[in-house]
Amino acid sequence: LPISTSTVLMAELPNPDLRSIFPAGGQPGSRIEIAFQGANMDGLNSVWLASRKLAIESSDAGKFVFTIPDDLPAGPYDLRIIGRHGISAPRTFVISREQQSLESEPNDLPEKANACLVDSVVHGRWEKPGDIDYFSFAAKRGQQWVIELECERVDATAHGVLELYSPDGRRLTADRGAQGREPLLDVLIPEDGTYLLKAFDQTLAGGPEQIYRLTIDGGTRVFHAFPPVVRNA
């Protein structure tokens, strides 16, 4: 007798794939609109953050409004989106006390540089291949500034590059990644004037997921400690 067999095929819908958050952070006491990029985000209806203090409201499709309370501690937080197909893997959302701003296009030429403040954070992204972002800031001789471009720490795929130019157009210093894909410039300002920052991806890649946080910090910064461990008495 012939033997009949049957094959049971199992299929499962994919979970939401959250690939980027923009801006990738905010300041306590602020109210900001957040956009998400990813796949399988049908029926996106809520957002989960590793803090119950954050108030979240839905806005236009794919966007939410965050109200960040004054007492929310600074630091990185896991953020997930929830939609028709379930909950996504986490992405990083950074709360910091510095003044925050968004990069404003077009700023792809030195003469179109975004003016920014020191002791601040700029949230930006390279939206298309070949995109380059310029920023300017005023500084005085003898000031010490640490300038960082955070990519990995906000789960971006970009490999950032930073270049700093003097008021007369000379390139003073550059870095292609002090920590993985994240450049850092530790600068002693040589003269009063307006300085120019050039930020771009190492391969000039671009897209909505190529986000970054640019910080210009004049506060105390510890890079290393020795010994790295002490005994608790």
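This is a predicted model: local features need pLDDT of at least 70, side-chain atom pairs count only at pLDDT 80 or more; totals for chains, interfaces and linings use all residues.

Visitor: OK, so how many helices and strands does the chain have?

Guide: There are 19 strands and zero helices in the chain. Of its 233 residues, 42% count as buried, where buried means under 20% relative accessible area, exposed means over 50% and partly exposed lies in between (1.4 Å probe, protein chains only).

Visitor: And what share of the contacts in the chain comes from residues 24 or more positions apart?

Guide: Among contacts with a separation of 6 or more, such residues account for 66%, a contact being heavy atoms within 4.5 Å.

Visitor: Which strands make up the open sheet?

Guide: Its five strands have the order β11-β13-β18-β15-β16, and the pairing is mixed. Two strands pair if DSSP finds at least two bridges between them. β11 (114-115) and β16 (171-175) stand at the edges with a single partner strand each, so one side of each has no neighbour in the sheet.

Visitor: In which sense do β15 and β16 pair?

Guide: Strand β15, residues 160-165, pairs with β16 in the antiparallel sense over four bridges, and Glu163 stands opposite Ala174 in β16.

Visitor: Changing topic, which residues lie nearest the centre of the largest pocket?

Guide: Ser96, Glu98, Glu150, Arg213 and Thr215 do, out of 17 lining residues. A pocket is an open set of points on a 1 Å grid over the protein atoms alone, where a 1.4 Å probe fits and protein lies on both sides within 12 Å along at least five of seven lines, and lining residues have an atom within 4 Å of a point.

Visitor: Which strand gives the largest share of that lining?

Guide: That is β19, with four residues. At least two residues of the lining come from each of β7 (75-83), β9 (91-95), β12 (120-125), β14 (144-150) and β19 (211-217).

Visitor: You mentioned β7; which strand pairs with β7 over four bridges?

Guide: β4 pairs with β7 in the antiparallel sense over four bridges, and Trp48 stands opposite Arg80 in β7. Strand β4, residues 46-49, has Val47 and Leu49 on a covered face and Ser46 and Trp48 on an uncovered one.

Visitor: What about Arg80 itself, what does Arg80 touch?

Guide: Not counting residues up to four places away in sequence, Arg80 touches Ser46, Val47, Trp48, Ile87, Ser88, Ala89 and Pro90.

Visitor: Now the loops: where is Ile189?

Guide: Ile189 sits in the loop between β17 (184-188) and β18 (193-201), and Ile189 is buried, with a relative accessible area of 3%. Leaving aside neighbours within four places in sequence, its contacts are Ala139, Lys140, Arg141, Gly142, Gln143, Trp145 and Tyr195. The C-alpha atoms of Ile189 and Gly142 are separated by 5.3 Å, although the residues are 47 apart along the chain.

Visitor: And what is the peptide bond from Phe22 to Pro23, cis or trans?

Guide: That bond is cis, with omega near -5 degrees, and Pro23 lies in the loop between β1 (17-22) and β2 (25-26). Glu105 and Pro106 are also joined by a cis peptide bond, with omega about 0 degrees, and Pro106 is in the loop between β10 (99-102) and β11.

Visitor: Last one: is the phi of Asp119 positive or negative?

Guide: Asp119 has a positive phi of about 55 degrees although it is not a glycine; Asp119 lies in the loop between β11 and β12 and is partly exposed, with a relative accessible area of 39%. Asp155 is not a glycine either and has a positive phi of about 60 degrees; Asp155 lies in the loop between β14 and β15 and is partly exposed at 30%.

Definitions and conventions:
Residues are numbered from 1 along each chain as its sequence is written. Side-chain values use heavy atoms; hydrogens and water are left out.
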